[in-house]
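The following exercises are to be worked through with the sequence and the structure at hand. Each task is followed by a solution in steps.

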Amino acid sequence: MDMNVSQLLRDPIGSTREFQIDEEIDIAGDGKSHKIQGDCTLLRTNRSILVKCNLKTEVELMCSRCLCKFRHPLKIKFEEEFFPTLDIVSGTPMSSPEDSSAFTIDEQHTLDLTEAVRQYILMNIPMKALCKKDCSGLCPTCGKNLNEGKCSCPEDDTDPRWSKLAKLK
Ligand SMILES: [Zn+2]
Ligand SMILES: [Zn+2]
């Protein structure tokens, strides 16, 4: 997700550029690529380039109830500043931003969005996901996925505290 921003860095403060994103990146470092689509606006500020992104992708999650894998659409929105490492006019190195985790634009004036996109996707992945709202989960006794039908375990799961009441009936 490289964008050459040498022209934008030369433009006056307040200049903008729009980019369409349609790329595949490896998010978790597992060799699986994810299609990322959406748009980004780049704004030249007095010290950096402010990137605003509106992206969507799909991730594979594991249902916390039935443990099946399913695809989950994910929308990510973020705003991040990218700091130049070289002065575009003089070519001299710029002092690095105080925050060492800040994103930078390399010496070739390439702004690479990959790492930011990766971080925001990882941040937005839900911790506890369900494959569907009413997922029936697994049978605690035999482990069968109850979304696929009932298991043959006896259905006697009455709480013993109710049994007296049941006898009264
Ligand atoms: Zn499930
Ligand atoms: Zn069962």
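**Exercise 1.** Determine which residues of strand β4 (residues 49-62) lie on the covered face and which on the uncovered one.

Solution. The model under study is a predicted one. Step one recalls a general rule: in a regular strand, side chains alternate between the two faces of the sheet. Step two assigns the covered face of β4, which holds Ile49, Val51, Cys53, Leu55, Thr57, Val59 and Leu61. Step three assigns the uncovered face, made up of Leu50, Lys52, Asn54, Lys56, Glu58, Glu60 and Met62.

**Exercise 2.** Describe how β4 pairs with β3 and with β5.

Solution. Begin with strand β3 (residues 33-44), which pairs with β4 in the antiparallel sense over 8 bridges.

Continue with strand β5 (residues 69-84), which runs antiparallel to β4 and is joined to it by 14 bridges. Here Asn54 has Lys77 in β5 as its bridge partner. The strands β4 and β5 also form a hairpin, with 6 residues between them.

**Exercise 3.** State where Leu67 and His109 are placed, and decide whether each is buried, partly exposed or exposed.

Solution. As background, most residues other than glycine have a negative phi. Leu67 is not a glycine, yet has a positive phi of about 65 degrees; its place is the loop between β4 and β5. The relative accessible area of Leu67 is 47%.

His109 is found in the loop between β6 (103-105) and β7 (110-112). With 15% relative accessibility, His109 counts as buried, because the cut-off for buried is under 20%.

**Exercise 4.** Identify the protein donors of the zinc ion (ligand 2) and explain why their arrangement is called tetrahedral.

Solution. First, list the donors: Cys139 (SG), Cys142 (SG), Cys151 (SG) and Cys153 (SG), which lie 2.2 to 2.3 Å from the zinc ion. Second, read their spacing along the chain, C-x2-C-x8-C-x1-C. Third, consider the angles: the 4 donor atoms subtend 107 to 113 degrees around the zinc ion, and therefore the arrangement is tetrahedral. The ideal angle for four tetrahedral donors is 109.5 degrees. Finally, Cys142 is partly exposed, at a relative accessible area of 44%.

Conventions: Residues are numbered from 1 along each chain as its sequence is written. Chains are lettered from A and ligands numbered from 1 in the order in which they are written. This is a predicted model: local features need pLDDT of at least 70, side-chain atom pairs count only at pLDDT 80 or more; totals for chains, interfaces and linings use all residues. Side-chain values use heavy atoms; hydrogens and water are left out. Buried means under 20% relative accessible area, exposed over 50%, partly exposed in between (1.4 Å probe, protein chains only). Helices (H or I, at least four residues) and strands (E, at least two) are DSSP runs, numbered from the N terminus. Two strands pair if DSSP finds at least two bridges between them. Donors are N, O and S atoms within 2.8 Å of the metal (3.2 Å for Na, K and Ca); water is not among the atoms, so sites may look incomplete. Four donors count as tetrahedral if all angles lie between 85 and 135 degrees; four count as square planar and six as octahedral if opposite donors are over 155 degrees apart and all others between 65 and 115; anything else is irregular.
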